Amino acid sequence: MAHDLLQRIRQRLEELNRSERKVADVILADPARATGLSIASLAQAASVSEPTVNRFCRNFHAKGYPDFKIKLAQSLAGGTPYVSQSVEPGDAAADYTSKIFGATIAALDEASRTLDPARIERMVDYLIQAKQIHFFGLGASGAVAQDAQHKFFRFNLPVTSYVDVLMQRMVASACHTGDVVVVISWTGRTRELVDIAQLARESGAVVLGITAPASPLAAECTETLEVPTPEDTDVYMPMTSRMIQLTLIDVLATGVTLRRGEDFLPHLKKIKDSLRDTRYPPRG
């Protein structure tokens, strides 16, 4: 689809030769500007020849540069482009702030368009019927697991979060039918979490995953929310991944709240009101 063009360019960067990579870098650095460049201007900006630009365009199923520019414009119209600009050592505060916010907004937009609402409904089904819920995560995903416990304890269910592998293994082995284990992993390739998901399923638990599509962890889960993984977590500190995971936890918590119905709202209000006396009153 046209709106996936920028994402496809970014995913295929490593496949491109050196000259085509230069063209991709210019386009991804400022896609809106690229739509207004002539083929000569783009070639000059990338320090390549015009035939190289045409070859690049055909690599992405365009008939030529004019057709590619149309597809690029459609991609911009279809959603926020994924920002691939990395923070550079010489960036000023305005530069790296803009890049980080832009990348986060774009990643959230991309994730929202790829999520399957039917999967969300099925995961809410499992959560609403759970006897107890355990959230597992490591590293940055561990902080998300703890945030999930903070939200889900409000539902009058036993809810725990664990960020230690040994505790996760013991809890998974002690699970029973009716328990739900939610495993959070951006890459889905962490061996310990894959093993723990398998162990929890063998113990009778439903295992839900918030992870990458077609990953080893996804294969071990009863149901998953699968999101793309454009962020290179092997090199850069995970930023956008954590924001997407936190948002998905909010989505699931909201789904459970709505399923509980209006009769459950006074309980939630009671918890919120309990914090009132811990805060200074607002200034007049």
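What is the relative accessible area of Arg 21, and how does that class the residue?

Mentor: Arg 21 has a relative accessible area of 29%, which makes it partly exposed. The cut-offs there: buried is under 20% relative accessible area, exposed is over 50%, and partly exposed is in between, with a 1.4 Å probe and protein chains only. Bear in mind that this is a predicted model, where local features need pLDDT of at least 70, side-chain atom pairs count only at pLDDT 80 or more, and totals for chains, interfaces and linings use all residues, while side-chain values use heavy atoms, with hydrogens and water left out. Numbering starts from 1 along each chain as its sequence is written.

So who does the arginine pair with? Arg 21 makes a salt bridge to Glu 14, with the closest N and O atoms 3.6 Å apart. By salt bridge I mean a side-chain nitrogen of Lys or Arg within 4 Å of a carboxyl oxygen of Asp or Glu.

Another spot to look at is a network of salt bridges linking Arg 119, Arg 122, Glu 223 and Glu 226. One of its pairs is Arg 119 with Glu 226, where the closest N and O atoms sit 3.7 Å apart. Arg 119 lies in helix H8 (residues 117–128) and Glu 226 in strand S5 (residues 223–226), so this pair ties together parts that are 107 residues apart in sequence. Helices (H or I, at least four residues) and strands (E, at least two) are DSSP runs, numbered from the N terminus. Both partners count as partly exposed: Arg 119 is at 24% relative accessibility and Glu 226 at 22%.

Then there's Arg 122 with Glu 223, whose closest N and O atoms are 2.5 Å apart. Again distant parts of the chain are linked, with Arg 122 in H8 and Glu 223 in S5, 101 residues apart. Here Arg 122 is partly exposed at 35%, whereas Glu 223 is buried at 10%.

Helix H2 (residues 18–29) and helix H5 (residues 50–59) have axes that come within 9 Å and cross at roughly 75 degrees. That puts H2 roughly perpendicular to H5. Axes are lines fitted to C-alpha atoms, for helices over the stretch in contact, and angles run from 0 to 180 degrees between N-to-C directions; under 35 degrees is roughly parallel, over 145 roughly antiparallel, 65 to 115 roughly perpendicular, and the rest oblique. On the H2 side the contact (heavy atoms within 4.5 Å) is made by Ser 19, Glu 20, Val 23, Ala 24 and Ile 27, and on the H5 side by Thr 52, Val 53, Arg 55, Phe 56 and Asn 59.

As for H5 itself, the buried residues are Thr 52, Val 53, Phe 56 and Cys 57. They cover an arc of only 140 degrees around the axis, which puts them on the same side of H5; the arc is that of the directions from the helix axis to the C-beta atoms. After H5 comes His 61, with a positive phi near 60 degrees.

Helix H10 (residues 165–173) has Gln 168, Val 171 and Ala 172 as its buried residues. Looking down the axis of H10, these fall within an arc of 100 degrees, so they line one face of the helix. They pack against strand S1 (132–137), S2 and helix H11 (191–202).

In S2 (residues 159–162) you'll find Ser 161, which is buried at 16%. Its side chain is joined to that of Gln 149 by a polar contact of 2.8 Å. A polar contact is a pair of N or O atoms within 3.5 Å; within protein, one must be able to donate a hydrogen and the other to accept it, and residues adjacent in sequence count only if both atoms are side-chain atoms.

Zooming out, the chain has 14 helices and five strands, and of its 284 residues 41% count as buried.
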